[in-house]
Amino acid sequence: MKKLFLLLLLFLAAGAWLGEKMIKDSGYVLVAYDQTTIETSLWVLVVLCAVSFVIFHWLINLLTRTRFPTAKLHAWKEHRNQRISRRKTLKGLTLLSEGNWAQAQKQLAQAAEKSDLPLINYLSAARAAHEQNNDQATDELLQKARSSTPEAEVTVAITQAEIQLSRGQLEPCLATLLRLRSLAPKNSYVMKLLKDVYLRLNDWKALSKLIPVLRNHQALKEEELNDLSAQCYSHILNDSVTNLPVETSDEDRLHALGKAWRELPSDQMLKGGLVQQYTELLVSLGAESRAEQNLRELIKKSWDETLVNLYGRVSGDNPKKQLDQARNWAKKRTESPALFLTLGRLSMRNQHWGQAVKYFEQSLDLNPSAEALGELTRLLRNLGEADQAQTLLQQNINLVTAGLPELPMPEEAKAST
């Protein structure tokens, strides 16, 4: 209050002083430009300048205040559009999860036009269009997604590859995925999709090159990788023989088979299933001696009961030498049922019937198996020991009937009456 009073006194004093000056001397101002002159008193000029300043200042404020409401209105409109877009996006995603493809596509596509993240909307709308088998709309929406967010090329291309794979467009899908490999070489999902395409194309050689990459990046579980490897390399071995022209000689087939075998990863050469397949292919081409030699070398490298069992099923060039080799193994492998089964079979090839019986009995003692039982009973019957074979079979009937369901037997039915 005191400040206001002092300010008022100061204003009155200044006004009195200024009035006195104006009365005492009004002053004279002359402004001349070219042929024009303006004459006025000093105080009138001062008042004009003051009034002009006030008007100019008012105009500036008016323009500033006019722009401010416009910006505020624009911000409000943007916020409203975003709110509507988010609501439609949420509704579209909900419809998509419920399988309402047509409405989902409509809501998502509309929301994308005003969304600050249109990529999500376009990709989801493309999936909805794909579910309706509308290929044209799907491709258009994918292109809009690519145009709206160029930096998300990998994301768009992955969606495109998934849709192409679902359509069965394997060649275009492969081209898309190979381009993706160059853009994102460490993307494990791209590797999985590429694996699926190779499987559907039966491109086993390409898949064999991809398997080590899948393993290095841990893109699949170890069990899945093992199954995939077995399937892939099994087809490679089989195709090396069967895909040749009909007129191809056995020698050329053996050469192609041997080449395919040597190109397998070293760890796969010890897999029982693949070794057995390779052995059977060799035998089918009349190269049983080569199969025996290959088995012998593999067993020396790494002892495997499956391979040892298989060794007794093939016939080498020299049955006696083959039997001697197995006997040498038996000096260190005294607890191997597969080895004694093989010794029994090799003894039969050398017509050592008594030794064969003993070896089969040892195998049966170490690990009762239907295979050893079958070999022993067959040999005993052919040696005229049918009763002994029957007794042995009766004693080990559980090996033969393993897995059969529990059912009433005639003896049991008679005893119950």
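**Exercise 1.** Is Ile55 buried, partly exposed or exposed?

*Solution.* Start with the ground rules: this is a predicted model, where local features need pLDDT of at least 70, side-chain atom pairs count only at pLDDT 80 or more, and totals for chains, interfaces and linings use all residues. Residues are numbered from 1 along each chain as its sequence is written, and side-chain values use heavy atoms, with hydrogens and water left out.

Ile55 has a relative accessible area of 47%, so Ile55 is partly exposed (buried is under 20%, exposed over 50%, partly exposed in between, with a 1.4 Å probe and protein chains only).

**Exercise 2.** Find the residues that make a nonpolar surface patch with Ile55.

*Solution.* Look for Val47, Val51, Trp58 and Leu59, which together with Ile55 make a patch of about 480 Å². Patch residues have over 30% relative accessible area and no salt bridge, and nonpolar side chains are joined within 5 Å (a salt bridge is a side-chain nitrogen of Lys or Arg within 4 Å of a carboxyl oxygen of Asp or Glu).

**Exercise 3.** Describe the second largest pocket.

*Solution.* First, its volume is about 160 Å³. A pocket is an open set of points on a 1 Å grid where a 1.4 Å probe fits, with protein on both sides within 12 Å along at least five of seven lines; lining residues have an atom within 4 Å of a point. Then check the lining, which includes Ser289, Arg296, Tyr311 and Lys321. Finally, note that α13 gives the largest share, four residues.

Methods
Grid points are joined across faces, edges and corners, and a volume is the space filled by probe spheres set on the points. Helices (H or I, at least four residues) and strands (E, at least two) are DSSP runs, numbered from the N terminus. Patches are made of residues with over 30% relative accessible area and no salt bridge: like charges are joined within 9 Å, nonpolar side chains (Val, Leu, Ile, Met, Phe, Trp, Tyr) within 5 Å. Accessible areas come from the Shrake-Rupley method with a 1.4 Å probe; for residues, only the protein chains shown count as cover.
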